[in-house]
Amino acid sequence: MDKYVCIPCGYVYDPAEGDPDGGIEPGTAFEDLPDDWVCPMCGVGKDMFEKQE
């Protein structure tokens, strides 16, 4: 699964780790995150992330 980087702050969403503090289980693909999920570091929406190359 692909990792995604938050453009404003550089946070990397790693599907292998999920977002435990946000209630996201490990193994959750970025595409499967809820539409209202936000970056745990700076609070921007999913539209501010890009796939890590």
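Tyrosine 13 and tryptophan 37 are both buried, where buried means under 20% relative accessible area, exposed means over 50% and partly exposed lies in between, with a 1.4 Å probe and protein chains only. The model is a predicted one, in which local features need pLDDT of at least 70 and side-chain atom pairs count only at pLDDT 80 or more, while totals for chains, interfaces and linings use all residues. Residues are numbered from 1 along each chain as its sequence is written, and side-chain values use heavy atoms, with hydrogens and water left out.

The rings of tryptophan 37 and phenylalanine 49 have their centres 5.4 Å apart and their planes at 55°, so this pair is tilted; rings of Phe, Tyr and Trp (its six-membered ring) pair if their centres lie within 6.5 Å, and planes under 30 degrees apart count as stacked, over 60 as edge-to-face and the rest as tilted. Because tryptophan 37 lies in the loop between strand 2 and strand 3 and phenylalanine 49 in strand 3, the pair ties together parts that are 12 residues apart in sequence. Phenylalanine 49, like tryptophan 37, is buried.

By the ring rule there are 7 aromatic pairs. In the one formed by tyrosine 13 and tryptophan 37, the centres are 5.5 Å apart and the planes stand at 70°, so the pair is edge-to-face. Ring pairs link Tyr4, Tyr11, Tyr13, Phe30, Trp37 and Phe49 into a cluster. Over the ring of phenylalanine 30 sits the charged end of lysine 46, 5.5 Å from the ring centre; this description requires NZ of Lys or CZ of Arg within 6 Å of the ring centre and within 35 degrees of the ring normal.

What, then, of the cysteines? A search of the whole structure finds 0 disulfides, a disulfide being a pair of cysteine sulfur atoms within 2.5 Å. The sulfur of cysteine 9 has its closest cysteine sulfur in cysteine 6, at 3.7 Å, which is too far for a bond. For cysteine 39 the closest cysteine sulfur is that of cysteine 9, 3.7 Å away and again too far for a bond. Cysteine 39 is buried at 2% relative accessibility, whereas cysteine 9 is partly exposed at 37%.

The chain as a whole has 0 helices and 3 strands, these being DSSP runs (H or I of at least four residues for helices, E of at least two for strands) numbered from the N terminus. Buried residues make up 34% of its 53 residues.
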